[in-house]
Amino acid sequence: MPKADVRLDTLGLFCPMPIIHTSKKIKDLAVGQVLEVVSDDEGIKKDMPAWCEATGHELVGLEDDTINHKAAYRAFVKKRS
Amino acid sequence: MTAAVAPSETLAALRETKPEKVTIVLLSGDLDKAMAAFIIATGAAAMGMQVTIFFTFWGLNAIRRKGAASSARDWLRRMFGLLNKGGAEHLPLSRFHFGGLGTSMIHSVMKQNRMPGVPELLRTAQDLGVQLIACTTTMGLMGISKETLIDGVDQLAGVSTYLAEARQGSVNLFI
């Protein structure tokens, strides 16, 4: 699992909120730092890579997880300039 | 002497100065369609795209101030304003509205699931810098004055403004 500098919890939120919170949160990070986004919206598996491609940030990891007996996903985004 | 510039750099600079543009015409005043429009708009803005929503006909209801009375002087348009209630909170479902019952059911399901409704999505859109344009022709037709619109509507404009934006757009939607 990549090491994260900042963690963003978006559990229970549907599209487009995880991406909107991600785009706001990434502004607080320094270039090179990693943001971990935790979501239980399955769409994040496709949306986060697409968002990274559009914004130029680097997706360094995307993992399946189980939180409170529910499927969840952890995306690791490294901030680029 | 000319300085050599790496092509990747110039491309990046170009991208920097010219973000991709999205335009959405929202003609519908239905809850579901307005939600689709705002979800696409906020998603695109979060991806760094420049977004404009052009509100016309029933779509204007989404940016009308809650409870604002019609400003029309003639009784026909006044009547119309009374029948056509505005406000982001009051949009009906396109199907299964059932005199408000279906719509209030969907509102409670959305609330249980912490899904943002049209008012929240509208605020998020404004936060993210989505440009809101109200169509003046249909405002006149429907007896909607600018005082009865919410704060933060960027422009009152017509079709040329829309087309000037849309011809720059890589995604142009009509909802």
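Let me begin with a convention: helices (H or I, at least four residues) and strands (E, at least two) are DSSP runs, numbered from the N terminus. On that basis the secondary structure of chain B comes to seven helices and five strands, and from the N terminus on these elements follow the order α-β-α-β-α-α-α-β-α-β-α-β.

Before going further, please keep in mind that this is a predicted model, in which local features need pLDDT of at least 70 and side-chain atom pairs count only at pLDDT 80 or more, whereas totals for chains, interfaces and linings use all residues. Residues are numbered from 1 along each chain as its sequence is written, while chains are lettered from A, and ligands numbered from 1, in the order in which they are written.

On confidence, the model scores ipTM 0.80 and pTM 0.85. As for pLDDT, the predictor's confidence in each residue on a scale from 0 to 100, its mean over chain B is 88, with 90% of the residues of that chain reaching 70 or more. Among the elements of chain B, the lowest mean, 61, belongs to helix α1 (residues 7–17), and the highest, 98, to strand β1 (residues 21–26).

Staying with chain B, its C-alpha trace spans about 75 × 40 × 25 Å along the principal axes. I call a residue buried if 20 or more other C-beta atoms lie within 10 Å of its own, exposed if 12 or fewer do, and partly exposed in between, with C-beta atoms placed from the backbone; by that count, 33% of the 175 residues in chain B are buried. Two residues are in contact if their C-beta atoms, again placed from the backbone, lie within 7 Å, and of the contacts in chain B with a separation of 6 or more, 72% are between residues 24 or more positions apart.

Thr103(B) counts as partly exposed because it has 18 C-beta neighbours inside 10 Å. Setting aside neighbours within four places in sequence, Thr103(B) is in contact with Leu31(B), Pro92(B), Leu93(B) and His97(B), whereas its C-alpha atom is separated by 25 Å from that of Phe54(B), 49 residues apart along the chain.

Turning to chain A, four of its strands form an open sheet with mixed pairing, in the order β1-β2-β4-β3, where two strands pair if DSSP finds at least two bridges between them. Because β1 and β3 of chain A stand at the edges, each with a single partner strand, one side of each is left without a neighbour in the sheet. Neighbouring strands of this sheet are turned by 20 degrees against each other on average, direction ignored; the axes here are lines fitted to C-alpha atoms, for helices over the stretch in contact, and angles run from 0 to 180 degrees between N-to-C directions. Strands β1(A) and β2 (residues 34–39) of chain A run parallel and are joined by four bridges, with Leu8(A) standing opposite Val37(A) in β2(A). Helix α2(A) lies across β2, β3 and β4 of chain A, and runs at about 165 degrees to β3(A).

Some backbone details of chain A deserve a look. Cys15(A) and Pro16(A) are joined by a cis peptide bond, with omega about 5 degrees, and Pro16(A) lies in the loop between β1 (6–9) and α1 (17–25) of chain A. Asn68(A), which is not a glycine, has a positive phi near 50 degrees, and is placed in the loop between β3 (58–67) and β4 (70–78) of chain A. His69(A), in the loop between β3 and β4 of chain A, also is not a glycine and has a positive phi of about 65 degrees.

Finally, how many residues does each chain give to the contact between them? Chain A gives twelve residues and chain B gives ten. On the side of chain A that touches chain B, α1(A) supplies the largest share, four residues, and by class that side has nine nonpolar, three polar and no charged residues; Ala, Val, Leu, Ile, Met, Phe, Trp, Tyr, Cys and Pro count as nonpolar, Asp, Glu, Lys and Arg as charged, and the others, Gly among them, as polar. The buried residues of α1(A) include Met17(A), Ile20(A) and Ser23(A), and what covers the buried residues of this helix includes β1, β2, α2 and β4 of chain A together with α2 (31–46) and α5 (118–127) of chain B.
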